[in-house]
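Me: Could you walk me through this one? I'd like to go through the packing and then the metal site.
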Amino acid sequence: MTQLSAEEYVESLLTRDEQLEQVKEGIRSRSMPEISIAPGYGKLLTLLVKMTGAQRILEIGALGGYSGICLTRGLGDQGKLISLELKKEYADVAQQHLNEAGLGDKIEYRVGEALHHLQQLADEGQKFDVFFIDADKGNYPNYLEWAIKLANPGAIIMGDNALMHGRAMDPEQNGNAVTKMRQFNQSMASDPRLEGVVLPAYDGLAIARVR
Ligand code: DHB
Ligand code: MG
């Protein structure tokens, strides 16, 4: 028998989640990018929301709603998720998937440029307990600044793809997205406004708590 990778092994311990498999199938059937987070990663999102008792979550980058379902599952009765998505077609698919999961009334999609909506949320005086950043990598440092502005004290900020398939630590790579991701990672690990760490799990998971 061939040996499993660490990620394959830990994922193999989990019970298959039909709801989330349906989301992946919905993404595949529409030829959307198959870059949803892994099942164990999704479970961590649910757990973090439950463990912190978060009531208000902001997601940046919805794709097909996979992480949206995972985050929303952790919310209590009064909880709510706002999710920013550039493409209307993706937000519509995500909303449909949340509806199918019985979670449609807990999520609000806002379509268009995230930076516009972040300003709008600030103008509305909205604050959040958990942030999940999983959108265009070149804007991660901007999204982090907005998350800190929109954070309740003690809020949790997470960022997907901190390693960018190894490009983050490849000295030959110096394009805009990777440079901005390095800046984001450095802030997550050492910005004095945060207490955080970057984990080499999956494609890199950055997680911080706002002081
Ligand atoms: C890729 C993966 C992601 O999780 C993402 O948010 C963007 C791109 C990728 O594998 O290219
Ligand atoms: Mg991602």
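Me: Which residues is Leu71 in contact with, leaving aside its neighbours within four places in sequence?
Reply: In this predicted model, Leu71 is in contact with Leu45, Val49, Ile57, Glu59, Leu81, Val130 and Phe132, once its neighbours within four places in sequence are left aside.

Me: And which residues touch the most other members of the largest nonpolar core?
Reply: Leu71 is one of them, together with Leu45 and Met158, in a core that holds 34 residues. Two or more residues come from each of helix 2 (18-29), helix 3 (39-52), helix 4 (66-73), helix 5 (88-100), strand 3 (107-111), strand 4, strand 5 and strand 7 (205-210).

Me: Which element gives the most to this core?
Reply: That is helix 5, which contributes 5 residues. There is also a second, separate core of 31 residues, and among its members are Leu121, Leu144, Ile157 and Ala162.

Me: Switching to the metal, what coordinates the magnesium ion (ligand 2)?
Reply: The magnesium ion (ligand 2) is coordinated by Asp134 (OD), Asp160 (OD) and Asn161 (OD1), at 2.0 to 2.1 Å. Along the sequence these donor residues follow the spacing D-x25-D-N.

Me: Where do Asp134 and Asn161 sit in the chain?
Reply: Asp134 lies in the loop between strand 4 (128-133) and helix 7 (140-149), whereas Asn161 lies in the loop between strand 5 (151-160) and helix 8 (176-190), so the pair, 27 residues apart, links distant parts of the chain.

Me: Why does Asp134 count as buried?
Reply: Because its relative accessibility is 18%, and buried means under 20%. Asn161 counts as buried too, at 15% relative accessibility.

Key:
Residues are numbered from 1 along each chain as its sequence is written. Chains are lettered from A and ligands numbered from 1 in the order in which they are written. This is a predicted model: local features need pLDDT of at least 70, side-chain atom pairs count only at pLDDT 80 or more; totals for chains, interfaces and linings use all residues. Side-chain values use heavy atoms; hydrogens and water are left out. Donors are N, O and S atoms within 2.8 Å of the metal (3.2 Å for Na, K and Ca); water is not among the atoms, so sites may look incomplete. Helices (H or I, at least four residues) and strands (E, at least two) are DSSP runs, numbered from the N terminus. Buried means under 20% relative accessible area, exposed over 50%, partly exposed in between (1.4 Å probe, protein chains only). A nonpolar core is a set of buried Ala, Val, Leu, Ile, Met, Phe, Trp, Tyr and Cys residues joined through side-chain atoms within 4.5 Å. Contact means heavy atoms within 4.5 Å.
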